[in-house]
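Welcome, and thanks for taking a look.

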Amino acid sequence: MLHLLSQLPLQAALIERIGSGDDVVLMDGAVCAARIGHSGNALLRQLLSRSCRVYALQEMLSVHGVQPQFLLSGLEVVDYAGLVELTVRNPVIHSWS
């Protein structure tokens with residue numbers, strides 16, 4: 001399953017609804033949670049510990065001024081073409097805003 005997260009703050013109740021091994025893409029303002037030291041880091045670490053693959057959308061990182069070298073360890077950067085590939089691989093998509 002693919003989860004698209006677009007708004008801050010990240011909510012613990014929402015993170016708990018994401019299944020082990022799911023793919024998660026941080027979009028829009030949610031990419032800020034991927035920056036080292038952000039208050040959302042603990043929730044993202046929970047996802048990573050459950051074998052979820054967590055991505056930050058490259059174009060949104062640029063818009064919000066988040067440099068890839070300052071991302072939380074374990075997160076991956078994905079561009080729009082990669083996002084399309086994720087949607088093809090995951091027939092069920094949940095968009096959380």
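The buried residues of helix α2 pack against α1 (12-16), β2 (23-26) and β3 (53-57), where contact means heavy atoms within 4.5 Å. This is a predicted model: local features need pLDDT of at least 70, side-chain atom pairs count only at pLDDT 80 or more, and totals for chains, interfaces and linings use all residues. Residues are numbered from 1 along each chain as its sequence is written, and side-chain values use heavy atoms, with hydrogens and water left out.

**Helix α2**
- Helices (H or I, at least four residues) and strands (E, at least two) are DSSP runs, numbered from the N terminus.
- In α2 (residues 41-49), the buried residues are Asn-41, Leu-43, Leu-44 and Leu-47; buried means under 20% relative accessible area, exposed over 50%, and partly exposed in between (1.4 Å probe, protein chains only).
- These residues sit on the same side of α2, because they cover an arc of only 160° around the axis, taken from the directions from the helix axis to the C-beta atoms.
- Just after α2, Ser-51 has a positive phi of about 65°.

**The salt bridge**
- There is 1 salt bridge in the structure, defined as a side-chain nitrogen of Lys or Arg within 4 Å of a carboxyl oxygen of Asp or Glu.
- Arg-53 and Glu-76 form a salt bridge through their side chains (2.9 Å, N to O).
- Arg-53 belongs to strand β3 and Glu-76 to strand β4 (residues 76-78), so the pair ties together parts that are 23 residues apart in sequence.
- Arg-53 is partly exposed at 38% relative accessibility, and Glu-76 is partly exposed at 28% relative accessible area.
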